[in-house]
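I opened a new structure today and kept notes as I went. The entries below are in the order I made them.

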Amino acid sequence: MSDVAQAANVSTATVSRVLSGTDGVVRDETATLVRETAQKLGYRYNAVAASLRRQQTRALGVVIPRISNPFFSLLTEQIERRLSETDTALIIADSQQDSQIERDRVNTLIDRRVDGLILIPTAGSESARLAESTGVPTVLLDLVDAGPNVDTIGVEHDLGTEEIIRHLQERGHQRIAFIGGAIALSPVARRLDGYLKSVVEKDRTDILLGNFTMEWGYNAGSQLDLDFGTTAVVCANDLIAYGILQWAQEENINVPGQLAITGFDDLPFSAVTAPPLTTVRQPVEQLAEETLNLLTQRVDQPDLPKREVRLR
């Protein structure tokens, strides 16, 4: 850095401000000169060394259950897009829906001294308590249930399910099934709550719980008892619904004539299925923004009381 300062005839502090992206107090022509000089000399700013000096890494970690799930990919993309505007890096880890792998990923991110952690936990996860015990600011995402003493944010899963069942009932459907993922996950439990509150017991047919994949949706479709009078099925996410749509097509079951199928998430593919999927939209952009707001405030003010945010 001193070589750049000498060649540009400016102070080392000025070079540091320019190359670290905090050059608001440096004149534009000076900043341009510093960057051009650094490029000519082949100097590259060492962000890691600077992070150690200020005891911040300008990096956040996010642990998601499965990166192949389009919903989590979209959510992570929105988080990363917002962070890129603040010169903060995002380190992404995939827990593969395994609580032990998740714990290992969280430990790795903590060892890398991330400034904060965004965690979408798997069933039975203790990772939030691990992060809390190390003092790393943490936000639990995609949750609405009270857990450890960390901030949580999620959508009103039960109300979303209630709204889509009301939509079905207004179109004459009474015998309605529910297909979801693992009940230990709070989003599934909440969506099932919405189903149980909206469909009277005599109108409930199958309640099938597995995972959040198309394969499970396809297999669950073959377990539906259509002879029992089921005319609609509420799926806990769009991937499950895609699987049931595939099963229905192979079985020559008319959708929605014989069986109405609904999803949850509003993935981009849901507009191009045959027929287009009726689904509940999760506010992905707002989720990303509010998650980062919570985490940033927690980093700046560690002693804030625990907060829980629910979005429509």
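These notes go from the whole protein to its sheet, its helix pairs and a few single residues.

**Entry 1: ground rules**

I am working with a predicted model, in which local features need pLDDT of at least 70 and side-chain atom pairs count only at pLDDT 80 or more, while totals for chains, interfaces and linings use all residues. Residues are numbered from 1 along each chain as its sequence is written, and side-chain values use heavy atoms, with hydrogens and water left out.

**Entry 2: the whole protein**

I looked up the secondary structure. The protein has 12 helices and 11 strands. These are DSSP runs, numbered from the N terminus: helices are H or I with at least four residues, strands are E with at least two. I then checked burial. Of the 312 residues, 48% count as buried. Buried means under 20% relative accessible area, exposed means over 50%, and partly exposed is in between (1.4 Å probe, protein chains only). Next came contacts, meaning heavy atoms within 4.5 Å. Among contacts between residues at least 6 apart in sequence, 65% join residues at least 24 apart.

**Entry 3: the sheet**

In what order do the five strands of the open sheet run? I read β7-β6-β8-β9-β10, with parallel pairing. Two strands pair if DSSP finds at least two bridges between them. The edge strands, each pairing on one side only, are β7 (204-209) and β10 (278-281). On average, neighbouring strands of this sheet are turned by 15° against each other, direction ignored.

I followed β9 (residues 260-265) in particular. β9 and β10 pair in the parallel sense over four bridges. T262 stands opposite T278 in β10. Towards β8, the parallel pairing has three bridges. There T262 is the bridge partner of V234. Why is β9 described as largely enclosed? Six of its six residues are buried, so the rest of the structure largely encloses β9.

**Entry 4: helix α8 and its neighbour**

I turned to α8 (residues 157-170) and α9 (residues 186-198). Their axes come within 7 Å and cross at roughly 40°. That makes α8 oblique to α9. For the angle classes, under 35 degrees is roughly parallel, over 145 roughly antiparallel, 65 to 115 roughly perpendicular, and the rest oblique. Axes are lines fitted to C-alpha atoms, for helices over the stretch in contact, and angles run from 0 to 180 degrees between N-to-C directions.

I listed the residues that touch. H157, D158, T161, E162, I165 and Q169 in α8 meet P187, R190, R191, G194, Y195, K197 and S198 in α9. By class, this contact has three nonpolar, five polar and five charged residues. Here Ala, Val, Leu, Ile, Met, Phe, Trp, Tyr, Cys and Pro count as nonpolar, Asp, Glu, Lys and Arg as charged, and the others, Gly among them, as polar.

**Entry 5: α10 against α11**

Helix α10 (residues 214-221) and helix α11 (residues 238-250) pack at about 45°, with axes 6 Å apart. That makes α10 oblique to α11. M214, W216, G217, Y218 and G221 in α10 meet residues of α11 including L239, Y242, G243 and W247. The contact has eight nonpolar, four polar and one charged residues.

I picked out M214 in α10. M214 counts as partly exposed, at 36% relative accessibility. Setting aside residues up to four places away in sequence, M214 touches L239, Y242 and G243.

**Entry 6: a loop with two contrasts**

Is S95 buried or exposed? At 0% relative accessibility, S95 counts as buried. S95 is in the loop between β2 (89-94) and α6 (99-111). Leaving aside neighbours within four places in sequence, its contacts are V63, I64, P65, I101, E102 and T122. Q96 is in that loop too. I noted its positive phi of about 55°, although Q96 is not a glycine. Q96 counts as partly exposed, at 41%.

R113 has a positive phi of about 60° and is not a glycine. R113 lies in the loop between α6 and β3 (116-119). At 60% relative accessibility, R113 counts as exposed.

I ended with cis peptide bonds. One runs from V255 to P256, with omega near 10°. P256 lies in the loop between α11 and β9. Another joins A274 and P275, with omega about -5°. P275 is in the loop between β9 and β10.
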